[in-house]
Amino acid sequence: MLLVLSEEHKEHLAFLTQVESSVVSEFGRIAMGFLRKGTNPKIYEGAARKLNVSSETIQHGVEGLTYLLTESSKLMISEIDFQDTVLILGFPEELNALLLQLYLDNRKEIRSVLSELAPKLPSYHSLEWRLDVQLASRSLRQQIKPVVTLKLHLEQNGSQTTKILQTDPATLLHLIQQLEQALGEMKTNHCRRIVRNIK
């Protein structure tokens, strides 16, 4: 699967052809620092003085390289697909090989950094339920009004929270049907392909 880059990203990466391979390696190191700790304008200004270009040009080059590495790592692009993606940019072979090596050396670390940045959502722990049926009231002698009460226990970062939900059986049945339909959809070839590419 090839990575599709916008014209803006191609422009940012084009700067890499104007510098030596040692500078590209340094840009790779800066890009990894950018992922771990965030942006640092002083680094851009120092590199801009050494290369006699604007700090904005350096920043765009690093951001373009960061995007290339993170998107490739996120999609777990194979070596061949990465080479084909970079080949489209029209870079010299030496630069292509250097970018491939940067990708192969850093993709595991990039994936671990990205997984740490992902939001931690609550996960299911347990469920308690109760069915209440109101058979009559003062105004209506014969009525059947069922209510299902659910007590959902969730876990997030080692702490538990509880949510209380109430619904009627018809709505609960509809919810179950929708969830079963979603699970059935996950078994289709199209969804399997998407999930495989996400992992």
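**Notebook: salt bridges and a stacked ring pair**

I began with R29 and E26, whose side chains meet in a salt bridge at 2.3 Å, N to O. I note here that the model is predicted. R29 and E26 are three residues apart in helix α2, residues 21–37, so about one helical turn separates them. I then looked up their exposure. R29 counts as exposed, at 51% relative accessibility. E26 counts as partly exposed, at 34%.

How many salt bridges does a search of the whole structure find? I got five. I looked at two others among them.

Next I took K10, which forms a salt bridge with E7. Their closest N and O atoms are 3.7 Å apart. The cut-off is 4 Å, so this pair counts. K10 and E7 sit three residues apart in helix α1, residues 7–14, about one helical turn from each other. K10 is partly exposed at 30% relative accessibility. E7 is exposed, with a relative accessible area of 55%.

Then I turned to E71 and K74 in helix α4. Their salt bridge has its closest N and O atoms 3.0 Å apart. They too are three residues apart, which means about one helical turn lies between them. Is E71 buried or exposed? I found E71 buried, with a relative accessible area of 17%. K74 is partly exposed, at 40%.

**Aromatic rings**

I searched for aromatic pairs and the count came to one. The pair is F82 and Y103, with ring centres 4.5 Å apart and planes at 5 degrees. Planes under 30 degrees apart count as stacked, so this pair is stacked. Which helices does the pair tie together? F82 lies in helix α5, residues 79–88, and Y103 lies in helix α6, residues 93–117. The pair therefore links parts that are 21 residues apart in sequence.

**Helix α5**

I stayed with α5 and listed its buried residues: D81, F82, T85 and V86. They cover an arc of only 135 degrees around the axis, so they lie on the same side of α5. What covers them? The cover includes α4, residues 55–74, and α6. I also checked the face turned away from the buried side. That face carries the exposed residues I80, L87 and I88. Last, I looked past the helix. G90 follows α5, and its phi is positive, near 80 degrees.

Definitions and conventions. Residues numbered from 1 in each chain as written. Predicted model: local features only at pLDDT ≥ 70, side-chain atom pairs only at ≥ 80, totals over all residues. Heavy atoms only, no water. Phe/Tyr/Trp six-rings, centres within 6.5 Å; stacked < 30°, edge-to-face > 60°. Helix = DSSP H or I, 4+ residues; strand = E, 2+ residues; numbered from the N terminus. Buried < 20%, exposed > 50% of the residue type's maximum accessible area, 1.4 Å probe, protein only. Arc of directions from axis to C-beta. Contact = heavy atoms within 4.5 Å.
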